[in-house]
Amino acid sequence: MTAVAETPLLAPVREFVAGPKNLLIDGRWVPAATGRTFDTHNPATGERITEVAWGGPEDVDRAVAAARRAFEAGPWATMRPNERERLLWRIGDLLTERAELFGQLESLDNGKSATIAQVVDTAWAADVFRYYAGWATKIEGSTISVSMPFAPPGSEFHAYTLREPVGVCAQIIPWNFPLLMAAWKIAPALAAGNTVILKPAEQTPLTALLLGELFEEAGFPPGVVNIVTGFGDAGAALAAHDGVDKVAFTGSTEVGKKIVDAAKGNLKKVSLELGGKSPNVVFADADFATAVPGSLNAWLFNHGQCCVAGTRLYVEDRIFDEFTQAVADAASQVKIGPGLDPATQLGPLVSQEQFDRVTGYLAQGLADGARALTGGKRWGDEGYFVEPTVLVDVQPQFSVVREEIFGPVVAALPFNAEQGFAPAANDSEYGLAAGIWTRDLSKAHRAAKQLKAGSVWINQYNGFDTALPFGGYKQSGWGRELGAAALDLYTQTKAVNVAL
């Protein structure tokens, strides 16, 4: 269950982390106004990687001013859509060219498999930039035939709409998919003509900073993309700043509510992609050959540090024991180790804080009466590793069933087909995603309609695509990212009515 052979770091990775990392403001790499720095650590060992500028409210002020100048007076304001298209496409190409570099750096900083970070995170980030590059020339208004019932007889009018950029956008991203979440937010914002200030998570700032270097290399004007690394005070300053027109946040529901409260000062636009506790429903007629590994992937992908993770496994009672044991057996064979080992399937959690959170939930679940078919404790004596854990004998009120753990832990519950699965599956404050496994496609479509979730995956899990909108019901967020829907977050509509 262990992997041991780490791949040596590429020379460009060693060079990138060799010195302090600064903030990107107005096209220049500058230290924090206070001169403070903080360390970022390798979660596989706990060792320090490098030091990063500790940006705060004064740095946010500088970044917002730069983004405002770039939006209103810089060349970005007059750049043609096809010029923005070419710049965004160039970012996609640069990411592809340096995929291995980004993969290793993400692994070093986040703990995930370098191979997965290369072939999934980085490749998908490149695809996102290319997808929205295409949209830059396709943001359109419309003409409308108006009736104007109170106008004098014989009057004529020409009415149309314009879709315009919102302005200065603050984008606050989490630590579980650092590069990918940056791409999800930056690409549609820039395609629509906005300028951005990106605030990466303090646990994983490095790929965002390397991405900043790509924007410089590609030729983006100064101030269009600004990056402020730091802690919660920087994020709070962005959310409350009167010079920010829109804030986009991905993270916990608890912090999302704070973002909403902070944004009310100037009523800036807000979009939120928040927590989840997603149900994964397995009917008795499911194909075991796909449902077992698929259900394992539902809660083990990215070490369980995934907002859509299918951590509530509902299995039809007729196959409950057989199916959950099969999932546990598969989980027990997963190779654990550092992300730089190409054989690793399950790496460490991102930080000591997250390790303490996950192990705390495990302890509470076992104390409440849950039973671990496999796992249930720390793995090894170095780094932030937790064994993949399958819990049974759980009750709906247990914290391991109700609360987002964000680790490699699944709670399995049986359901009776005649009584139905939907009441239990929908019994959550969240509604981000769900999975369904059955050979009966009519049953699958009926089940999909019953689930209160923004994404429903049938006979698969994590069925993402850049063209598909993504977001949640209930307390899983506001708005939709990806696809054409993301452009709604970064544009506003102006109606023009001309009396002829």
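**Aromatic pairs and the helices around them**

A search of the whole structure turns up 21 aromatic pairs. Keep in mind that this is a predicted model. I'll take two of those pairs.

Start with Trp124 and Trp184. Their rings sit edge-to-face, 5.4 Å centre to centre, with 75° between the planes. This pair links distant parts of the chain. Trp124 belongs to helix α5, Trp184 to helix α6, and 60 residues separate them. Buried or exposed? Both Trp124 and Trp184 are buried.

Now back to the tryptophans. Which residues do ring pairs link with them into a cluster? Trp457, Tyr461, Phe464 and Phe470 join Trp124 and Trp184 there.

Helix α5 spans residues 114-135, and helix α6 spans 178-191. Their axes come within 9 Å and cross at roughly 5°. An angle under 35 degrees counts as roughly parallel, so α5 is roughly parallel to α6.

Who meets whom? From α5 we have Asp121, Thr122, Trp124, Ala125, Val128, Phe129 and Tyr132. From α6 come Leu179, Leu180, Ala183, Trp184, Ile186, Ala187, Pro188 and Ala191. By type, the residues of this contact are 13 nonpolar, one polar and one charged.

Val225 first. It sits in strand β9, residues 225-227. Beyond its neighbours within four places in sequence, Val225 is in contact with Leu24, Leu190, Val196 and Phe215. Thr195 is 30 residues from Val225 in sequence, yet their C-alpha atoms are 6.2 Å apart.

Now Thr40, in strand β3, residues 37-41. The side chain of Thr40 makes a polar contact of 2.5 Å with the side chain of Asp109. Setting aside neighbours within four places in sequence, Thr40 also touches other residues, including Glu47, Arg48, Ile49, Thr50 and Val52. Gln203, Pro205 and Leu206 are among its contacts as well.

**Two backbone angles to check**

Last topic: phi. Most residues other than glycine have a negative phi. Which residues here go the other way? I have two for you.

One is Asp26, with a positive phi of about 60°, and it is not a glycine. Asp26 lies in the loop between β1, residues 23-25, and β2, residues 28-30. At 27% relative accessibility, Asp26 is partly exposed.

The other is Met148. Its phi is near 45°, positive again, and Met148 is not a glycine either. Met148 is in the loop between β5, residues 143-144, and β6, residues 157-165. With a relative accessible area of 33%, Met148 is partly exposed.

That's my tour. Over to you for discussion.

Terms used
Residues numbered from 1 in each chain as written. Predicted model: local features only at pLDDT ≥ 70, side-chain atom pairs only at ≥ 80, totals over all residues. Heavy atoms only, no water. Helix = DSSP H or I, 4+ residues; strand = E, 2+ residues; numbered from the N terminus. Polar contact = N/O pair within 3.5 Å; in protein donor to acceptor, adjacent residues only side chain to side chain. Contact = heavy atoms within 4.5 Å. Axes fitted to C-alpha atoms, helices over the stretch in contact; angles between N-to-C directions. Parallel < 35°, antiparallel > 145°, perpendicular 65-115°, else oblique. Nonpolar A, V, L, I, M, F, W, Y, C, P; charged D, E, K, R; others polar. Phe/Tyr/Trp six-rings, centres within 6.5 Å; stacked < 30°, edge-to-face > 60°. Buried < 20%, exposed > 50% of the residue type's maximum accessible area, 1.4 Å probe, protein only.
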